[in-house]
Amino acid sequence: MAASTPSTPKPHAYVPLYDTLPPTPNLPKAAFSGTARINNINLWYALFGSSLQSRQTPVVFLHGGKISSRWWSLQIRHLADNGYPVIAIDTRAHGRSSDDPDVPLSYDLFANDTVALLAHLKVPKASFVGWSDGANTALSLAMHHADLVDRAFVFGANYQPDQVNITGLLGMPFLSDLQGRMQSEYEALSPTPKGFAAFLDKMNTMQAAFPDWDDASFAKIDTLFHNPQRAPIMWIADGDSEEVVQRRVAGEIRDMIWGSSLVIMPGVGHFSPLEDPDTFNALLSRWLSVARQ
């Protein structure tokens, strides 16, 4: 019998990170989790890492639209394990937080909820990490509550509703998975698990109208050139393959915040915290270590 010729293994198809949506991680064990009565809702939050009474400035994580703080789990674990006090928040109407059905949603409202929670926790100043809608909330905080903001890491923000990249969004290979997770995770966490359709309508209404910012809006943010000891340290970040927001937007925001920095992550898109958590976490560590001059 003739010897058989070994078959050549087929090469694996290349799948770039920006075409992937890894599983939603679970939050690490919290020192505390529960709700506070804030602005006529029950706002869910959790505490990780060092005590809020430590000398470290707390880091507040603000998640994206239609998801929850779970999506920040890999970054929360990283900073908590490195000794930072961490506060995770489920935005009103999201995750485990309730909503006031009579009050329209807005980024300024989300920012006001955050301010009220930090007052409840007796936190005078914090660093903020925002992703997508959470990034817009962080920008609102910097505009309107500057005394509370030590620094902000703003990933995947926009400043006008028409800056959404509809073609890129609809072309995401994991769009169906993303939409399915939004609904299933809402139903698993929400105090109103049958309210997803109404929640989606309310969020879509907000995102069609907000944010509505321009040069004058960003001029409200104090700059390091004017006030190096108190102005927020602003890093405006995005992935080089951002598919949800038009890619020019991050640079435009940086240009409108004098003294801010632009950070572009390689090989990832809008879902970078899941696609490449190691690089994202390294950037957070570097941003938090930047000393004031």
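Let me start with a list of names: the second largest cavity is lined by Lys 66, Ile 67, Ser 68, His 94, Gly 95, Met 182, Glu 185, Tyr 186, Leu 189 and Phe 199. Please keep in mind that this is a predicted model, in which local features need pLDDT of at least 70 and side-chain atom pairs count only at pLDDT 80 or more, while totals for chains, interfaces and linings use all residues. Residues are numbered from 1 along each chain as its sequence is written, and side-chain values use heavy atoms, with hydrogens and water left out.

What do I mean by a cavity? On a 1 Å grid over the protein atoms alone, a cavity is a set of points where a 1.4 Å probe fits but cannot get out, whereas a pocket is an open set with protein on both sides within 12 Å along at least five of seven lines, and lining residues have an atom within 4 Å of a point. A volume is the space filled by probe spheres set on the points, which are joined across faces, edges and corners.

The second largest cavity holds about 60 Å³ of space, and helix H5 (residues 175-189) gives the largest share of its lining, four residues. Helices (H or I, at least four residues) and strands (E, at least two) are DSSP runs, numbered from the N terminus.

Now to the largest pocket, with a volume of about 720 Å³. It is lined by 31 residues, and Lys 66, Leu 169, Met 182, Gln 207 and Val 244 are the closest to its centre. The largest share of this lining, five residues, comes from H6, which spans 196-209.

Finally, the sheet: which order do its strands follow? It is an open sheet of eight strands with mixed pairing, in the order E1-E2-E4-E3-E5-E6-E7-E8, where two strands pair if DSSP finds at least two bridges between them. Strands E1 (32-38) and E8 (261-265) stand at the edges with a single partner strand each, so one side of each is left without a neighbour in the sheet. Further in, E3 (residues 59-62) and E4 (residues 85-89) run parallel and are joined by four bridges, with Phe 61 opposite Ala 88 in E4.
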